[in-house]
Amino acid sequence: MHHFAKQKIKKHVSLKSSDENNVDQDKETLISIVKEMTESTTGAQSTKHWAKDALWFDIPPFASKGIQPAVKMFDSVFGNFKSCKVSILEMDTIMSGTMGIVCSIQKIDIVFKHEASKTILVRQTDCFKKTDHNKWLLFHQHASIPSGGEWDGRIITA
């Protein structure tokens, strides 16, 4: 094989490997953002990685566009809690260029200020876009509690 052809093949292989490393790094970044959001206790913390025009469908029945309505809702909800612990039971991450989606099943253990407690399972989808400055921002979040009975948090695959 000609020397020039060998160099071209090596360059293509190293670029592909570099692309795979970038995808892995981007996945890890999105996973860390989602984990950080599960540890938040204020509206400002919850929306730290949100785009200014983020669309949010969540619990309680509420939808908003933009950060400020979501901050108010989070602050109101967190204000009722003595404690809130979120555990991620399942997580899938899908990456495609400058888009990333993290789907998770989260178990939330809540103790309210009046001492009552509740555990809920939530299905959550977080959609991210990568900015021109290589920063990942959430542009859409949808969380839901299954309706129509109890659910054990498992995802059926077959």
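**Close-up views of the predicted model**

The chain contains 3 helices and 6 strands. The structure shown in every view is a predicted model.

**Figure 1. Overall arrangement of the chain.** The chain has 158 residues, of which 32% count as buried. Among contacts with a separation of 6 or more, 51% are made by residues 24 or more positions apart.

**Figure 2. The largest pocket and its lining.** The largest pocket holds about 630 Å³ of space. Its lining comprises 30 residues, and those closest to the pocket centre are Asp58, Ile59, Phe74, Val77 and Ile108. By class, 20 of the lining residues are nonpolar, 7 are polar and 3 are charged. Two helices are among the elements that each supply at least two lining residues, namely H1 (3-38) and H3 (67-78). Strands S1 (50-58), S3 (81-96), S4 (99-112), S5 (117-130) and S6 (136-144) each contribute at least two residues to the lining as well.

Figure 3. Strands S3 and S4 are paired in the antiparallel sense, with 14 bridges between them. Lysine 85 has aspartate 109 of S4 as its bridge partner, and aspartate 92 stands opposite cysteine 103 in S4. The two strands form a hairpin with 2 residues between them. In the turn, glycine 97 has a positive phi of about 65°.

**Figure 4. The hairpin of strands S4 and S5.** Strand S4 also pairs with S5, in the antiparallel sense and over 13 bridges. Within this pairing, valine 111 is opposite serine 117 of S5. S4 and S5 form a hairpin in which 4 residues lie between the strands. The turn includes glutamate 115, whose phi is positive, at about 80°.

Figure 5. A disulfide would require two cysteine sulfur atoms within 2.5 Å. For cysteine 103, the closest cysteine sulfur belongs to cysteine 127 and lies 7.3 Å away, so the pair is too far apart for a bond. Cysteine 103 is partly exposed, with a relative accessible area of 28%. Cysteine 84 is likewise partly exposed, its relative accessible area being 33%.

**Figure 6. Alanine 63 and serine 64 in strand S2.** Alanine 63 belongs to strand S2, which spans residues 62-65, and serine 64 is found in strand S2 too. Alanine 63 has a relative accessible area of 48% and is therefore partly exposed. Serine 64, at 6% relative accessibility, counts as buried because it falls under the 20% limit. In a regular strand, side chains alternate between the two faces of the sheet. Beyond four places in sequence, alanine 63 touches Trp56 and Phe57. With the same exclusion of sequence neighbours, serine 64 is in contact with Ala54, Leu55, Trp56, Pro69 and Ala70. The C-alpha atoms of alanine 63 and methionine 73 are 10.0 Å apart, and these residues are separated by 10 positions in sequence.

**Figure 7. Surroundings of phenylalanine 139.** Phenylalanine 139 is located in strand S6. Leaving out residues up to four places away in sequence, phenylalanine 139 touches Ala51, Ala54, Leu55, Met99, Cys127, Phe128 and Lys129. One of these residues, leucine 55, is 84 residues from phenylalanine 139 along the chain, yet their C-alpha atoms are separated by 6.2 Å.

How values were computed. Residues numbered from 1 in each chain as written. Predicted model: local features only at pLDDT ≥ 70, side-chain atom pairs only at ≥ 80, totals over all residues. Heavy atoms only, no water. Buried < 20%, exposed > 50% of the residue type's maximum accessible area, 1.4 Å probe, protein only. 1 Å grid on protein atoms, 1.4 Å probe; cavity = no way out; pocket = protein on both sides within 12 Å on 5 of 7 lines; lining within 4 Å. Points joined across faces, edges and corners; volume = space filled by probe spheres on them. Nonpolar A, V, L, I, M, F, W, Y, C, P; charged D, E, K, R; others polar. Contact = heavy atoms within 4.5 Å. Pairing = 2+ DSSP bridges.
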